[in-house]
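Colleague: I am new to this structure and would like a close look at a single part of it. Please take the salt bridges and go through them one by one.

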Amino acid sequence: MGKFIKAGRVVVILSGRYAGKKAIVAKVFDDGSKSRPFGHCLVAGVDRAPLKVTRKMSKKKISKRTRVKPFVKYVNYNHIMPTRYQVPAEVQPATMVTDQQMDTSDGRIEAKKFVKSLLQEKFMAPPADKTGKPSKDVLYLRKKLRF
């Protein structure tokens, strides 16, 4: 069977602190690594999704309501559920988070800041798909999962 969990796939975290949150796979480790001898992946996700915005809101209120709280984490394959969505290549999921950043707490903070700026930018102006409409993959990642 082919591997379908690749960089750019949108997944739902099933257990732990971020259960029910959506994330993008940044890097996969199918055979595991020395510190984690099991199949896992590095994900960058949305801890707190942006709120609904209407036309009559002020710019200040819109900027507050479109804030995103991100997270970066290594997750076991058993604890994620892949979705049919895959973010466009222009989002560049492989460059979101690196292994070197995950080694130190300062690196993780730096990675979260980058993910936050990238996600907020893409949520405000979603990239277009083949038909020219806003990408449904990015819009799905923006919505809070109801369960």
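Modeller: K122 counts as buried, at 12% relative accessibility (buried means under 20% relative accessible area, exposed over 50%, and partly exposed in between, with a 1.4 Å probe and protein chains only). This is a predicted model, in which local features need pLDDT of at least 70 and side-chain atom pairs count only at pLDDT 80 or more, while totals for chains, interfaces and linings use all residues. Residues are numbered from 1 along each chain as its sequence is written, and side-chain values use heavy atoms, with hydrogens and water left out.

The side chain of K122 meets that of E90 in a salt bridge, 3.9 Å from N to O. The term stands for a side-chain nitrogen of Lys or Arg within 4 Å of a carboxyl oxygen of Asp or Glu. K122 belongs to helix α3 and E90 to the loop between β5 (80-86) and α2, so this pair ties together parts that are 32 residues apart in sequence. Helices (H or I, at least four residues) and strands (E, at least two) are DSSP runs, numbered from the N terminus. E90 is partly exposed, with a relative accessible area of 49%.

K122 also meets the side chain of E121 in a salt bridge, again with 3.9 Å from N to O. E121 is partly exposed, its relative accessible area being 48%. Through shared partners, the salt bridges join E90, E121 and K122 into one network.

The whole structure holds 4 salt bridges. Another one of them pairs the side chains of D99 and K27, at 2.9 Å from N to O. D99 sits in helix α2 (residues 99-103) and K27 in strand β2 (residues 22-29), so the pair links parts that are 72 residues apart in sequence. K27 is partly exposed, with a relative accessible area of 37%. As background, side chains of opposite charge can pair when their charged atoms come close.

The side chain of T131 makes a polar contact with the side chain of D129, at 3.0 Å. A polar contact is a pair of N or O atoms within 3.5 Å; within protein, one must be able to donate a hydrogen and the other to accept it, and residues adjacent in sequence count only if both atoms are side-chain atoms. T131 is exposed, with a relative accessible area of 62%.
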